[in-house]
Amino acid sequence: MNTPLQQPLPDADVLVERYRADVFRFVLGMVRDAALAEDLTADVFLKALRGAGGFRGDAEVSTWLFAIALNTVRSHFRRRKVLQYITFGISGEQGTDTTAPDVQRFSDPRETDPVQRIALAERLHRALGALPPRQREVFLLRVVEDLPVRRVAAVLGIPEGTVKSNLFKAMVRLREELDDEL
Amino acid sequence: MMNCDAVCDELMGATVEGRPPAADALLHADTCRRCSALRDDLDRIRSAAGAFREVAAVRAPSAGDILRRARRRATPMRRWLPAAAVAMCVTLVSVCGVARHSARQSRLHADTPVPTVEPGEDAVALLDLLLIVGDL
């Protein structure tokens, strides 16, 4: 995700191929439902390709795409809230994709066994549900996507200090959440 | 020599900023139970984030699948559906307004008390509906 500045957007196929995993991962972390994340990822690229003319090239492509993904996820949460209100909550809570294999307790942070890695990823996936949306956004962008604080602030449209304080809280909360499992 | 609070702050700060912690802090964490517990937990969280990164990348749909879905979601039917829904709501509210007006008129003729209707009530109801439909 390190596209140099002032570069034009690549073709649709190249754009999707290059950034699909990053966008899907961020959306999955936010909505915590794989099928829904696939649909929303398609929406993100649809919006990106329709709004490609509006890409000025003064931000990195990934920053621009993450901002679109963020808006798409927020719109989804708003829609879900309205639907739940209209249907008196019958539409139910989504984002409880718990298809993790039940494997042994993880003990070594440098674990390389693929099965254990999947279980560990799934534990984080569950723990993310305990974070408020803003902390989840910051954690996913900064720690999972490894964006620098400056770019996380640009995607979220908040000061760098706010990014750091939210990430600090997220780490404390995740430590508590994962403590029971790890 | 750093104390525990300073070491914990340094370990957290390094994680937040994505840089390696100061050597002093790591040295202290090797000998202090509280600080080493924090260091190990932060390592685990980073490791879990790495695992999530790998697993989610494998599960990501292919470019062809994403483009196919995007094309399907961009069909004219899907594009015009919200507009049609808004038009239906406008019609519905208008019909209700006319019906209410007629009912009020007939009550006037029947010399019965008229229920008070705040000005702009219909507009507010319409706006609510538009907001909901727009969001959908």
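1. Helices (H or I, at least four residues) and strands (E, at least two) are taken here as DSSP runs, numbered from the N terminus. On that basis chain A holds seven helices and zero strands, its elements running α-α-α-α-α-α-α from the N terminus on, while chain B has six helices and zero strands and reads α-α-α-α-α-α along its sequence.

2. This is a predicted model, in which local features need pLDDT of at least 70, side-chain atom pairs count only at pLDDT 80 or more, and totals for chains, interfaces and linings use all residues. Residues are numbered from 1 along each chain as its sequence is written, and chains are lettered from A and ligands numbered from 1 in the order in which they are written.

3. On confidence, pLDDT being the predictor's confidence in each residue, from 0 to 100, chain A has a mean of 81, with 79% of its residues at 70 or more. Among the elements of chain A, the lowest mean pLDDT belongs to helix 4 of chain A, at 86, and the highest to helix 5 of chain A (residues 133-144), at 94. Over residues 92-109 of chain A pLDDT stays under 50, and for this stretch the model has 29 contacts beyond four places in sequence, a contact being a pair of residues whose C-beta atoms, placed from the backbone, lie within 7 Å.

4. For burial, a residue is buried if 20 or more other C-beta atoms lie within 10 Å of its own, exposed if 12 or fewer, and partly exposed in between, with C-beta atoms placed from the backbone. By this count 37% of the 182 residues of chain A are buried, and in chain B buried residues make up 19% of 136. Among contacts between residues at least 6 apart in sequence, those joining residues at least 24 apart amount to 62% in chain A and to 54% in chain B.

5. The contact between the chains draws 41 residues from chain A and 34 residues from chain B. On the side of chain B that touches chain A, two or more residues come from each of helix 1 (4-17), helix 3 (33-59), helix 4 (63-73) and helix 6 (121-135) of chain B, and helix 3 of chain B gives the most, with 17 residues. That side of chain B divides into 19 nonpolar, three polar and twelve charged residues, where Ala, Val, Leu, Ile, Met, Phe, Trp, Tyr, Cys and Pro count as nonpolar, Asp, Glu, Lys and Arg as charged, and the others, Gly among them, as polar.

6. Two backbone angles deserve a look. A:Arg32, not a glycine, has a positive phi of about 55°; A:Arg32 sits in the loop between helix 1 (12-31) and helix 2 (34-50) of chain A and is partly exposed, with 19 other C-beta atoms within 10 Å. A:Asp146, also a residue other than glycine, has a positive phi near 60°; A:Asp146 lies in the loop between helix 5 and helix 6 (149-156) of chain A and is exposed, with 12 other C-beta atoms within 10 Å.

Conventions: Contact = placed C-beta atoms within 7 Å.
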